[in-house]
Amino acid sequence: MDEIINWLISPKPYLCLAIIVVALIVWFALRRVLNKVLGKNDRKKGIISVLVNVVRYFLIILCVLVILQINGINVTSAIAGLGIASVIVGLALQDALKDIIMGVNIISENFFRVGDIIRIDNYVGRVESMSLKSTHIVNGEDGYEMHICNRNIDKVCRLTDVLPIDIPLSYGDSREKIKSIFDEIIKEISSWKEIRKAEFLGLHEYDDSCIIYRLRVNCAPVDRVSVRRKVLKKIDDTLQENGIAIPYPQMDVHLDK
């Protein structure tokens, strides 16, 4: 009891209180500066969150160490013990640490953000949520959702609003007639509310048994699948109305007698 009374009447509790107050002032000031410098748009929210957490934990650890030192506890030995414990924890949680490091890279380098349509390996989906440990994507068309550990994300394709559509047609079809038909198709699909812009780019490639023509449609990435299906139906209906068929794969076989 005497020790507690002596501690209360000493400068130590007031120094500890002053350190906590200073730490709180620094914390609120730094958080305000980070929000002001980086802004509050969706693209930078992840960066702000990471930096704020780093600053917060740094101030807490520093504050605890200083308070321990004021109260006569050997901080040097505590730090040494903390270092050994950190190595053990690091080895046990190395996969989680890899997730966090990659998560910081994804957020800071703006690989993608919530709402983007992305392709990771063979999986395509909309980013529903993301954290320092994992990324959650949903594919409504094929009916699946995935949680991907950030350490497994090394290549990401972020889909834009450009949707190329290739149509194979016969070598025997008139080029002028094909252009006239696709001009009509482009004129109609350009008026659809999902379509931002549509163009007929013309001949794209000579294939073994057909000529491939290309259209380029601009639409929201989230509408790519439905727009593609709708455009293909319009193309198929129009080609049938004009007596143009999509050719089957063909092969010429020459026999020596």
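This is a predicted model: local features need pLDDT of at least 70, side-chain atom pairs count only at pLDDT 80 or more; totals for chains, interfaces and linings use all residues.
Residues are numbered from 1 along each chain as its sequence is written, and side-chain values use heavy atoms, with hydrogens and water left out.

**Exercise 1.** Find the order of the strands in the five-strand open sheet, and its edge strands.

*Solution.* Start with the terms: strands are DSSP runs (E, at least two residues), helices are runs of H or I with at least four, and both are numbered from the N terminus. Two strands pair if DSSP finds at least two bridges between them. Next, read the order, which is S4-S3-S2-S1-S5 with antiparallel pairing. The edges are then S4 (144-149) and S5 (157-158), each of which pairs on one side only. Finally, look inside the sheet: S1 and S2 are joined antiparallel over four bridges, and isoleucine 118 faces glycine 125 of S2.

**Exercise 2.** Which strands pair with S8, and how many of its residues are buried?

*Solution.* Take S6 (residues 162-169) to begin: this strand pairs antiparallel with S8 over eight bridges, and leucine 169 is opposite isoleucine 211 of S8. Now turn to S7 (residues 195-206), which is antiparallel to S8 over nine bridges. Here alanine 198 lies opposite valine 217 of S8. S7 and S8 make a hairpin, with four residues between them. For burial, use the cut-offs: buried is under 20% relative accessible area, exposed is over 50%, and partly exposed is in between (1.4 Å probe, protein chains only). Seven of the nine residues of S8 (211-219) are buried, leaving the strand mostly covered.

**Exercise 3.** Decide whether proline 13 is buried or exposed.

*Solution.* Locate proline 13 in helix H2 (residues 12-38). Its relative accessibility is 15%, so proline 13 counts as buried. Then check the chain: asparagine 71 is 58 residues away along it, yet the two C-alpha atoms are 8.9 Å apart.

**Exercise 4.** What kinds of residue line the largest pocket?

*Solution.* Sort the lining residues: eight are nonpolar, four polar and seven charged. In this sorting, Ala, Val, Leu, Ile, Met, Phe, Trp, Tyr, Cys and Pro are nonpolar, Asp, Glu, Lys and Arg are charged, and the others, Gly among them, are polar.
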